[in-house]
Amino acid sequence: MVKPDPAIRKIILRAIAFNLIMLGIWAVVFKDSMPWIRGQILGGAIGVLLFLQMKRTLEKALVKAPQAANATVRRGYLIRLLIYGVVFGLSLLSPEVQLISVILGVISLKYTVMISGIFDRELLGDKSLLEPKEEAETELGNSELETEDD
C-alpha cells in the first residue's frame, strides 16, 4: 500500500477532526442526535473517499496524453457527481440520516483544503496566501537599486 502524501494526510486528519467536533456539537444541541451524527459520519466519509478518488484520477491523468487525460478527468468528475447524487438522494429519503449534516460532512473537506491553503504556510511549502514573503520584497528592493545605478 502506498503511503499518502504528508500534505494529503494532514488535510484528511484536519477534516476528520472537524467532523469529530461536529459530532460533539450534534450530540449536545439535539435531543435526538443520532440522525445528525449518522449524517455527519456518512458525509465526512464520502468527502474523504471522493477526495482520494479525485487525487487518484488526477495522478492517472498527469501521465496520459492530453486527449486521454481530458477523458479520464471527465469520467472521474462524472463518477464523483453520481456518487454525490446517490448519497444526497438516499439521505433525503431516509429518516435515519439528516441531510444537512451529510452536506456539512461532505463540504468539510473542501473547506479544510481552502482554510489550510490560506493559513498553513508549511503545508504548501512556503506559499501560504496570508503571509507575504519577505524575500520577494528584498529582491524587489535590490532590483530597483540596480536599475537606478545604470
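This is a predicted model: local features need pLDDT of at least 70, side-chain atom pairs count only at pLDDT 80 or more; totals for chains, interfaces and linings use all residues.
1. R38 and E96 are joined by a salt bridge in which the closest N and O atoms lie 3.2 Å apart. The term salt bridge is used here for a side-chain nitrogen of Lys or Arg within 4 Å of a carboxyl oxygen of Asp or Glu. R38 belongs to helix 2 (residues 34-62), whereas E96 sits in the loop between helix 3 (66-93) and helix 4 (99-119), so this pair ties together parts that are 58 residues apart in sequence. Helices are DSSP runs (H or I, at least four residues), numbered from the N terminus.

2. Residues are numbered from 1 along each chain as its sequence is written, and side-chain values use heavy atoms, with hydrogens and water left out.

3. Buried means under 20% relative accessible area, exposed means over 50%, and partly exposed lies in between (1.4 Å probe, protein chains only).

4. The count of salt bridges comes to two. In the other one, the side chains of E59 and K55 meet at 2.7 Å, N to O. Both residues lie in helix 2, four residues apart, which is about one turn of the helix. E59 has a relative accessible area of 41% and is partly exposed; K55, with 25%, is partly exposed as well. In general, side chains of opposite charge can pair when their charged atoms come close.

5. A search of the whole structure finds four aromatic pairs. One of them is the stacked pair of F30 and W36, at 4.3 Å centre to centre and with 5 degrees between the planes. Rings of Phe, Tyr and Trp (its six-membered ring) pair if their centres lie within 6.5 Å; planes under 30 degrees apart count as stacked, over 60 as edge-to-face and the rest as tilted. W36 is buried, at 13% relative accessibility, whereas F30 is partly exposed, at 27%.

6. Why does the pair of Y84 and F88 count as stacked? Their ring centres are 6.1 Å apart and their planes are at 10 degrees, so the pair is stacked. Y84 and F88 are four residues apart in helix 3, a separation of about one helical turn. Y84 counts as buried, with 16% relative accessibility, while F88 is partly exposed, with 27%.

7. Ring pairs also build a cluster, which links W26, F30 and W36.

8. Patches are made of residues with over 30% relative accessible area and no salt bridge; like charges are joined within 9 Å, and nonpolar side chains (Val, Leu, Ile, Met, Phe, Trp, Tyr) within 5 Å. R75 is in helix 3 and is partly exposed, at 49% relative accessibility.

9. Which residues make the nonpolar surface patch of about 390 Å²? The patch is made by I21, I25, V28 and V29. Accessible areas come from the Shrake-Rupley method with a 1.4 Å probe. V28 lies in helix 1 (residues 6-29) and is exposed, with a relative accessible area of 70%.

Key: Helices (H or I, at least four residues) and strands (E, at least two) are DSSP runs, numbered from the N terminus.
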